[in-house]
Amino acid sequence: MSMSAEHAEALKNEVAVVCCRTEAGTILSADNLEDPDIFPDMVDSGLLTIPSDCLKVGEVIGAKLTKTIDSLTPLTPDIIEGAKVIETKNEIKETVSIDENAKAVLKLNKNAGDIITAEDLENPMYFEQLEDSLLVKLGDAVLTVKEVLGKTLRSHTPALTPVTRDLLEGYEEELEVANNQEIITTLNSSVLKIKIAEGKGIDIELPLNIVPSVAPMAKAAPVVTAAKAEVPAEKAVEKVKEPKKVRELIKKHFAIKEVKFGEKTKIEGTTLYIREDICSDAVNESDLVKSIKIDIITPDKYNTYSDTIMDVQPIATKEGDAKIGTGVTRVLDGVIVMVTGTDEDGVQIGEFGSSEGILEENIMWGRPGAPDKGEIFIKTEVVIARGTNMERPGPLAAHKATDYITQEIRNVLKTVDESLVVDTEEIDEYRRPGKKKVVIVKEIMGQGAMHDNLILPVEPVGVLGGKPNVDLGNVPVMLSPIEVVDGGIHALTCIGPASKECSRHYWREPLVMEAMADENIDLAGVIFVGSPQINSEKFYVSERLGMMIEFMDVDGAIVTTEGFGNNHIDFASHIEQIGMRGIPAVGMSFCAVQGALVVGNKYMKYMVDNNKSEAGIENEVLSCNTLCKEDAIRALSMLKSAMKEEEVKAAERKWNPNVKENNLEAIEKTDNVKINRVENETSIPMSEKRLEKYSTK
């Protein structure tokens, strides 16, 4: 696969190998060269041997090939005429040609006081593409390269900003003024301003507390200063911008220590009773539901068999007319709802792997989206119509039938006496003006089939009122952080168990919680964006995401995804769309061995691997490889470094589990904190299925 000219420039110090058969006499360009990113794997597999005298990409471009050679032939001095001369080990001697008459557009974020160099300016060859994408507008006011080189910026200026006079020091316009100009005094905001324009155009501003009286304003003269000299009597003190509380959520917790069947659904003290015949009503929620059964799983039954776990859900309800993310939410502690299911033929409702088997062998306890040890499960076993397990209506029907049961519990919870509240939790959401503005982007499944989610239902993690992201076209949807952790997402996704984010994951989303608590950033919101099936739709959605983030004027972004494979295409595109706007973006995904990225781009420099499994694989243990607090801490730390333009080391070519630990230790040392590490699957009993899976790795 050949390279683009831009990519070749970035890799000019890498070894040069032709990608295709190339004839003698060819003047070499980037189109003739193979991408060096694939060389390590080719060398490992024996397909490529690179000699010690192999020339570099920057040395051979523009040189002449003297011999016809086959594909994947390294370029050496004996077959190249006119190779460029290397000045030092890592520098190629060449003259950089700059079109001084081209428009000047900043390529990088620059700070006030920075002096503009040629390296700071965007290559004019990209202007047409940038204008077509509405990223820049090159009007008559934009200065040329010649006019801006060596000039000093007056203020912080983001990348892709056309350079105009008002951005630079020493470019104030000067008007000729007659010699008999008058002295001008103005009174404004308790400051005496005096302008004297006698060829020099001097401005003097004095606070009125040192001026006993002010003369009447003289006749105005048309003065625009050439060099403004302000002489304040005392140094201005910048006002510290206080955090602004924008919303709050109250969660009232009620303890449940026992769950039983009874004549009607009710809560008495710490006991939850579920109506004995409730399943006969729940089955009618959809024609696709053939049967539904409830198992009450107490800790002593964790060693029993279960079908694949489709979802784990909190039991919560809103008080009064409050919507998700507002008011008061009532929550049951000590009990969760677990959705499991098959079709009529016994086929598990899942796509890439499933978690059927002994419960305690297939659950990674304590993960944000998984059950906690000691909790009671209200586990539904749903059987749906034959062959519908891989279609959207099938899994949704299982969730609807289960939610019928949950809603009856919610209705009872609304009426429970306040005296049973065991804990009250207040979650505050702040905006922090003056801090680096950050947005979180969560890519959720949207390919159709069983890949869907319900956004903002009426009840926390409910069904009624929720909008499927597939039906919304998978376009970006903004939620407030509090809407996310108040059950704003009902997850229907049936991807591999280890990396799927269940509904409870969003309820306890660690990245959102960490970002909200971080006083050094301004969390601007959480964008949910679906992952369509068709590539053209993927890129359409990514472009909309990029434009949304551009106009949010953020300083940084964190992009997360669940699962791996097909969705990595748009995951990479999201990061590219954000990065091409000069905004650093940290990516978070399960990668390791089995989930290694299938695509990439130059903006994917900051990556956090969510893997926890011992072998770096989809081990089919529920929530094993999902985003946890330790990952959130790493991502936020990496983003802060990126926003400061600090160096972040490139990822190693192959998965190295030590990288994660090294990062955590570095953060602990720098911030003087202790970061708790989560356990992996070695902490739970080994299932026969996992034993077989590991034996093949």
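Helix axes here are lines fitted to C-alpha atoms over the stretch in contact, and angles run from 0 to 180 degrees between N-to-C directions. Helices themselves are DSSP runs (H or I, at least four residues), as strands are (E, at least two), numbered from the N terminus.

I'm working on a predicted model, where local features need pLDDT of at least 70, side-chain atom pairs count only at pLDDT 80 or more, and totals for chains, interfaces and linings use all residues. Residues are numbered from 1 along each chain as its sequence is written, and side-chain values use heavy atoms, with hydrogens and water left out.

**α11 and α12.** I looked up helix α11 (residues 535-552) against helix α12 (residues 567-579): the axes come within 8 Å and cross at roughly 30°. I noted the crossing as right-handed, meaning the near helix is turned clockwise from the far one by less than a right angle.

On the α11 side they include Phe-539, Val-541, Leu-545 and Ile-549, and on the α12 side Ile-569, Asp-570, His-574 and Ile-578 are among them. Sorted by class, this contact has six nonpolar, seven polar and three charged residues. For the classes, Ala, Val, Leu, Ile, Met, Phe, Trp, Tyr, Cys and Pro are nonpolar, Asp, Glu, Lys and Arg are charged, and the others, Gly among them, are polar.

**α10 and α13.** Then I went to helix α10 (residues 510-517) and helix α13 (residues 629-643), which pack at about 50° with axes 8 Å apart. That angle makes α10 oblique to α13. This crossing is right-handed too. Pro-510, Leu-511, Glu-514 and Ala-515 of α10 meet Lys-629, Ala-632, Ile-633 and Leu-636 of α13. I count six nonpolar, no polar and two charged residues there.

**α13 by itself.** Its 15 residues reach 21 Å from first C-alpha to last, close to the 21 Å expected at 1.5 Å a residue (1.5 Å times one less than the number of residues). I found 12 of the 15 buried, that is, under 20% relative accessible area with a 1.4 Å probe, protein chains only. Charged side chains turn up in that buried set: Glu-630, Asp-631 and Arg-634 are among its members. After α13 comes Glu-645, with a positive phi near 60°.

**Whole protein.** I logged 15 helices and 27 strands. Of the 697 residues, 50% are buried. Among contacts between residues at least 6 apart in sequence, 74% join residues at least 24 apart.

Methods:
Angles under 35 degrees count as roughly parallel, over 145 as roughly antiparallel, 65 to 115 as roughly perpendicular and the rest as oblique. Contact means heavy atoms within 4.5 Å.
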